[in-house]
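Colleague: Please take me through the side-chain pairs of this model, one question at a time.

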Amino acid sequence: MNMAVTGPREGFRGHSLADQMQARLMNRVDTKFLVPAHRLDACLRGLEHHYSMLEIDGNRRFTYDTLYFDTPGRQLYLDHHNGKLNRFKLRVRHYRETGDSFLEVKKKSNRERTIKNRLPLTSQTVASGEVNHFLEEQLGLPVAGMLPALFVSYRRMTLMSPLGTERITLDTGLAFHSADRQSGIRLPDVAVFEVKYDRKIPCSPLLDRLGQLGCRPVQFSKYCVGTSLLFGHECKTNRFKPLLRRLHGIGS
């Protein structure tokens, strides 16, 4: 019997995808934190009794591939950069382990709430015209001019509180590639915590732990960070420069 202890992540009780779907939190508040990857164990140690971890077929870490779309002038990126209060992102997300793909519209409201709606991408939904109906319903805008803009991939673990009122994603192995795959950049030393909840929660053991370790919330958009890193020579990045310097500091 192998009694080796590999880290606190193995100490969390597992929960199923069905359990997690009961707390989808598609309309939520997000708080994000950047953490050096080597400090993950310090962030998680001692929290094993407060959260469970998504487990599918014995696997607890899953690969996400996302393709973001934007206008030729990167208007969706600029909306975020310029602080537009009501904005959205359009993307296709693929779950590599299960093979499932979804077309997603992620909106940010002027009340700082994140609202995500998505449509399964199958041969049936594409052939039936559901994709066009979904986009017209969600955006009310023509999207014919949208182009593939950025590939983002990473590995994700998901924690959930016992009542499902708080869900935490932990992303590592971030990688960004241009739509033609001709250029790319990786952030192997960076981990991103994202704490998601329906409304303000009275107590969060993870938020308490991150605070004790000196971690502070950050505004972090994978799409905007990847675009800034790969295309900063051709688009505005002023708003993201402090974040880019921080990423550089973690990786150096």
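This is a predicted model: local features need pLDDT of at least 70, side-chain atom pairs count only at pLDDT 80 or more; totals for chains, interfaces and linings use all residues.

Colleague: Is Tyr 68 buried or exposed, and at what relative accessible area?

Modeller: Residues are numbered from 1 along each chain as its sequence is written, and side-chain values use heavy atoms, without hydrogens and water. Buried means under 20% relative accessible area, exposed over 50% and partly exposed in between, with a 1.4 Å probe and protein chains only. Tyr 68 is therefore buried, its relative accessible area being 4%.

Colleague: Which residue forms a stacked aromatic pair with Tyr 68?

Modeller: Rings of Phe, Tyr and Trp (its six-membered ring) pair if their centres lie within 6.5 Å; planes under 30 degrees apart count as stacked, over 60 as edge-to-face and the rest as tilted. Here the centres are 4.9 Å apart with 25° between the planes, so the pair is stacked. Tyr 68 lies in strand β4 and its partner in helix α7, 155 residues apart, helices (H or I, at least four residues) and strands (E, at least two) being DSSP runs numbered from the N terminus.

Colleague: What is the angle between the planes of Tyr 64 and Tyr 95?

Modeller: Tyr 64 is buried at 9%, and Tyr 95 is buried at 15%. Tyr 64 belongs to strand β4 (residues 62-70) and Tyr 95 to strand β5, so the pair ties together parts 31 residues apart in sequence. With 4.8 Å centre to centre, the pair is edge-to-face, and the angle between the planes is 65°.

Colleague: Which residue does Lys 222 meet in a salt bridge?

Modeller: A salt bridge is a side-chain nitrogen of Lys or Arg within 4 Å of a carboxyl oxygen of Asp or Glu. The closest N and O atoms of this pair are 2.9 Å apart. Lys 222 lies in helix α7 (residues 222-231) and its partner in strand β9 (residues 166-178), so the pair ties together parts that are 51 residues apart in sequence.
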